[in-house]
Amino acid sequence: MNLALLFDEDFVAEDRVVLRGRRLEHIRAVIRASTGDQLSVGRVNGRMGLGKVVKLTDSEAELVVALDKQPPAPLPLTLILAMPRPKMFRRIMQTSATLGIKDIWLINSYKVEKGFWQTPWLSDENLRENLTLGLEQAKDTVMPSVHIRKLFKPFVEDELPALLKDKQALVAHPGTACPCPTHLNRATALCIGPEGGFTPYEVGKLEEAGCKSVHLGPRILRVETAVPVLVSRLFDACI
Ligand code: SAM
């Protein structure tokens, strides 16, 4: 937690917050802050700054906050991700938030097991928690939006073309002819497949909607690795 993300319910006055639970534990056990210390804080979807610890007990930390800085620029990326295995899902959500991705679409694909959609990590509360961890890691405040689409064909045919408008659109697909571009630095939509990959039919549908297939070389990366590798190839912002 390189920044404590503050929510409306934390504010007891305009410039004062009370933190409990995970953030209190972190302040006490990891940062080992004392009264008078200043910590990085930021209001969700708002400005960042410093919070001065004015009270610290076993049950709460009270901070006086001054929020005067804008969060870092978002990545101009729409990430379209075949629903990952639950074991990987939390980590991928955290990493995506840390990298500055603000628009995430979780889609179905033939090789997404039906059970993946039952994971409790998809609940609003758990999504918020994991995205918060990612933002706190990066020192960012802007909460990503997550859209869930459990049917591949209606999504690709009815929604994707509009989503791709005015964007460079790519589908990462191993073994394809074209290498992934670098230093793109413009509005981009990127589709990443499931553990077993997109089927040829799905790649065809994504291409029909306007996506260009690109590869990352002969090594097959896990989705959790492919996300940061693709982002760092496409955008200079994360260097
Ligand atoms: N056997 C699958 C295949 O060949 O498509 C491997 C899927 S890989 C574990 C999961 C996803 O990560 C892929 O669908 C793709 O979007 C992305 N990916 C991983 N390695 C890649 C590579 N070398 N080139 C392009 N995309 C890759």
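Gln-94 is buried, with a relative accessible area of 14%, where buried means under 20% relative accessible area, exposed means over 50%, and partly exposed lies in between (1.4 Å probe, protein chains only). Gln-94 sits in helix α2; helices here are DSSP runs of H or I with at least four residues, strands are E runs of at least two, and both are numbered from the N terminus. Setting aside neighbours within four places in sequence, Gln-94 is in contact with Asn-130, Leu-133 and Gly-134, a contact being heavy atoms within 4.5 Å.

Before going further, a word on the model. It is a predicted one, in which local features need pLDDT of at least 70 and side-chain atom pairs count only at pLDDT 80 or more, while totals for chains, interfaces and linings use all residues. Residues are numbered from 1 along each chain as its sequence is written, and side-chain values use heavy atoms, leaving out hydrogens and water.

Now step back to the whole protein. Its secondary structure comes to six helices and 12 strands, and its C-alpha atoms fill a box of roughly 60 × 35 × 35 Å along the principal axes. Of the 239 residues, 46% are buried. Among contacts between residues at least 6 apart in sequence, 69% join residues at least 24 apart. The accessible surface is about 12,000 Å², and 50% of that belongs to carbon and sulfur atoms; these areas come from the Shrake-Rupley method with a 1.4 Å probe, and for residues only the protein chains shown count as cover.

Several residues of α3 are buried, including Leu-127, Asn-130, Leu-131 and Gly-134. The buried residues of this helix pack against β1 (4-6), α1, α2, β8 and β9. Just after α3, Lys-139 takes a positive phi of about 70 degrees.

Next come the charges. The protein has 31 positive and 28 negative charges, whose mean positions are 4 Å apart. Lys and Arg count as positive and Asp and Glu as negative, with His and the chain ends not counted; each charge is placed at NZ of Lys, CZ of Arg, CG of Asp or CD of Glu.

A search of the whole structure finds 17 salt bridges, each defined as a side-chain nitrogen of Lys or Arg within 4 Å of a carboxyl oxygen of Asp or Glu. One of them joins Glu-129 and Arg-22, with the closest N and O atoms 3.2 Å apart. Glu-129 lies in helix α3 (residues 124-138) and Arg-22 in helix α1 (residues 21-30), so this pair ties together parts that are 107 residues apart in sequence. Glu-129 is partly exposed at 36% relative accessibility, and Arg-22 is partly exposed at 32%.

Another salt bridge brings the side chains of Asp-140 and Lys-102 together at 2.6 Å, N to O. Asp-140 lies in the loop between α3 and β9 (145-149), and Lys-102 in the loop between α2 (86-99) and β8 (103-107), so the pair ties together parts that are 38 residues apart in sequence. Both Asp-140 and Lys-102 are buried.

Within helix α5 (residues 200-208), Lys-205 and Glu-208 are three residues apart, about one helical turn. Their side chains meet in a salt bridge of 3.5 Å, N to O. Lys-205 counts as buried at 10% relative accessibility, whereas Glu-208 is exposed at 63%. Lys-153, Glu-157, Lys-205 and Glu-208 are linked in a network of salt bridges.

Let us turn to the backbone. Most residues other than glycine have a negative phi. Arg-32, not a glycine, has a positive phi of about 55 degrees; Arg-32 is found in the loop between α1 and β4 (38-43) and is exposed, with a relative accessible area of 65%. Asp-166, also not a glycine, has a positive phi of about 60 degrees. Asp-166 is found in the loop between α4 (152-164) and β10 (168-172), and counts as exposed at 65% relative accessibility.

Finally, find Asp-236 in the segment after α6 (223-234). Asp-236 is partly exposed, at 30% relative accessibility. Not counting residues up to four places away in sequence, Asp-236 touches His-183 and Asn-185. The C-alpha atoms of Asp-236 and Leu-75 are separated by 9.7 Å, although these residues are 161 apart along the chain.
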